[in-house]
Amino acid sequence: TEAVGLYNIGQTCCLNSLLQVFLMNTHFTGTLRRITVPPSASQKRRSVPYQMLLLLEEMQCGKRKAVCPRALACCLTEHRVKLFVQYDAAQLLLTLWNLVNKQVTNPELIEKLRDLYTICVQECMLCQECSSETKRNSNMITLPLSMLDSSCHLLKTLEECLQYFFSPELLTGPNMCFCEHCGKKTPFLQSMKLVHLPQTLILHLKRFCLRKSASIHKLCHYLPFPQDLDFSAVLTEEQCQADASEKASWQYELFAVVVHSGSTDCGHYCAYIQSLTECKWYRFDDSEVCQVLWDDVKCTYGHSDLHW
């Protein structure tokens with residue numbers, strides 16, 4: 001009946017934040033509860049979805065303020081996921097998703113998971129010399145949004161980041177592509193069109209850039225995002241490859257924010273999550289969990305000296 005924390009067992013704040021986002025999503029846990037229990041002890045130990053289910057049940061059945069995710073962490077090491085290291089949240093999210101998606105055996109549940117998280121986009125490549133065009137659909141789990149435009153100017157809002165992601169880009173010079181019709185490398189116009197959005201949409205704000213010295217710099221500038229997002233109102237007709245019924249489902253309410261404080265070398269993760277059953281916001285900071293207001297969530301918009 002109450003939000004439960006996860007103990008940090010050694011630089012696992014990133015893992016804890018992502019697990020809270022998965023396990024607070026009742027659409028995900030509804031599917032998780034229907035998985036087939038592995039028959040042997042060794043298979044149970046190596047099954048990521050089963051260990052996530054055990055962790056969920058421990059969090060819901062116990063009366064402690066926090067539980068220890070040690071068994072799941074050990075399970076991840078069986079699949080060469082290192083512990084006690086700094087992780088990028090988007091990278092670890094993809095690792096968790098691939099393990100869950102690979103180990104769920106029921107085709108119906110696999111389809112439900114893909115409907116829950118999979119984004120479909122169409123990449124279009126148009127040769128600028130012969131006008132030949134190639135199109136290819138691809139799936140992704142997150143939309144990786146740059147916070148800088150092509151001139152390295154800061155983008156100011158989430159909507160601007162989305163519009164830039166789906167804006168055409170002219171590939172010239174060293175970025176030219178080989179055209180089969182022309183038989184040589186030519187300039188291409190690359191564009192992305194949105195085909196399908198899932199029930200739960202994950203947006204990745206890429207708060208990093210590469211300096212001339214080849215070092216990675218974190219972008220801490222202020223970038224607000226709305227509580228409600230209508231995708232069909234953000235993108236133009238040319239940026240969408242979907243019918244009216246598909247676009248009607250592109251209405252989203254903010255559910256969670258995974259936020260990082262610190263530099264690219266070291267830092268700390270926590271998660272702000274809205275309970276889908278209570279409609280209250282909570283801050284999950286490892287074992288510490290407290291209820292917060294929307295004004296508290298706004299601190300994740302970013303600035304150079306982030307305090308929770």
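**Figure 1. Salt bridges across the whole structure.** A search of the entire predicted model finds nine salt bridges. Side chains of opposite charge can pair when their charged atoms come close. Three of these pairings are presented in the views that follow.

**Figure 2. The salt bridge between Arg 45 and Glu 78.** The side chains of these two residues meet with an N to O distance of 3.5 Å. Distant parts of the chain are linked by this pair, as Arg 45 belongs to helix H3 (residues 41-46) and Glu 78 to helix H5 (residues 70-78), 33 residues apart. Arg 45 is partly exposed, with a relative accessible area of 45%, and Glu 78 is also partly exposed, at 33%. Through shared partners, salt bridges join Arg 45, Arg 46 and Glu 78 into one network.

**Figure 3. The salt bridge between Lys 65 and Glu 288.** The closest N and O atoms of this pair lie 2.8 Å apart. Lys 65 sits in the loop between helix H4 (48-61) and strand S2 (66-67), whereas Glu 288 is in strand S18 (residues 288-292), so that the pair links distant parts of the chain, 223 residues apart. Lys 65 is partly exposed, at 48% relative accessible area; Glu 288 is partly exposed as well, at 46%.

**Figure 4. The salt bridge between Lys 247 and Glu 237.** The two side chains meet at 3.1 Å, N to O. Lys 247 lies in helix H10 (residues 244-247), and Glu 237 lies in the loop between helix H9 (231-234) and H10, ten residues apart. Lys 247 is buried, with a relative accessibility of 14%, whereas Glu 237 is exposed, at 58%.

Notes. Residues numbered from 1 in each chain as written. Predicted model: local features only at pLDDT ≥ 70, side-chain atom pairs only at ≥ 80, totals over all residues. Heavy atoms only, no water. Salt bridge = Lys/Arg side-chain N within 4 Å of Asp/Glu carboxyl O. Helix = DSSP H or I, 4+ residues; strand = E, 2+ residues; numbered from the N terminus. Buried < 20%, exposed > 50% of the residue type's maximum accessible area, 1.4 Å probe, protein only.
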